[in-house]
Amino acid sequence: MGLAETFKALSDPQRREILTMLRSGRLNAGEIAERLGVTAAALSYHLKLLKKADLVMEYKEKNFVYYELNTSVFDEMILWMKQFGGNDHEE
């Protein structure tokens with residue numbers, strides 16, 4: 001994962017909405033497209049960027065492709081961002 005890909009993926013409101021949807025569990029592409037109100041082509045583009053950033057994982061089950069969050073990437077991002085904020089260090 002590169003931070004550039006991660007921040008690019010997170011910069012779009014629809015991709016952030018996809019991530020929010022996946023917080024409650026895995027969904028297939030059709031379910032995501034329906035909830036988001038986008039075409040299959042548009043969803044495919046968004047999912048491609050989210051996968052490239054390792055923010056989501058995909059796997060096939062029978063005739064469906066399911067997507068779920070890759071929480072390890074979020075953990076890494078949180079650790080990286082923590083170095084810039086708060087008063088966690090002693091003076």
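**Close-up views of a predicted model**

View 1. His46 is found in helix 4, which spans residues 40–52; helices here are DSSP runs of H or I with at least four residues, strands are runs of E with at least two, and both are numbered from the N terminus. The model is a predicted one, in which local features need pLDDT of at least 70 and side-chain atom pairs count only at pLDDT 80 or more, while totals for chains, interfaces and linings use all residues. Residues are numbered from 1 along each chain as its sequence is written, and side-chain values use heavy atoms, with hydrogens and water left out. With a relative accessibility of 6%, His46 counts as buried (buried means under 20% relative accessible area, exposed over 50%, and partly exposed in between, with a 1.4 Å probe and protein chains only). When its neighbours within four places in sequence are left aside, His46 is in contact with Asp12, Gln14, Arg15 and Ile18, contact meaning heavy atoms within 4.5 Å.

**View 2. The packing of helix 1 and helix 5.** Helix 1 (residues 3–10) packs with helix 5 (residues 71–82) at an angle of about 100°, their axes lying 12 Å apart; axes are lines fitted to C-alpha atoms, for helices over the stretch in contact, and angles run from 0 to 180 degrees between N-to-C directions. Helix 1 is therefore roughly perpendicular to helix 5, a term that covers angles of 65 to 115 degrees. On the helix 1 side, Leu3, Thr6, Phe7 and Leu10 meet Met77, Trp80 and Met81 of helix 5. The residues of this contact divide into six nonpolar, one polar and no charged, where Ala, Val, Leu, Ile, Met, Phe, Trp, Tyr, Cys and Pro count as nonpolar, Asp, Glu, Lys and Arg as charged, and the others, Gly among them, as polar.

**View 3. The salt bridges.** The structure holds two salt bridges, each defined as a side-chain nitrogen of Lys or Arg within 4 Å of a carboxyl oxygen of Asp or Glu. In one of them, the side chains of Arg26 and Glu61 meet at 3.0 Å, N to O. Because Arg26 lies in the loop between helix 2 (13–22) and strand 1 (27–28), and Glu61 in strand 2 (residues 56–61), the pair ties together parts that are 35 residues apart in sequence. Arg26 counts as partly exposed at 35% relative accessibility. Glu58 forms a salt bridge with Lys51, with the closest N and O atoms 3.0 Å apart; Glu58 is partly exposed, at 38% relative accessible area, and Lys51 is partly exposed at 30%.

Methods. Parallel < 35°, antiparallel > 145°, perpendicular 65-115°, else oblique.
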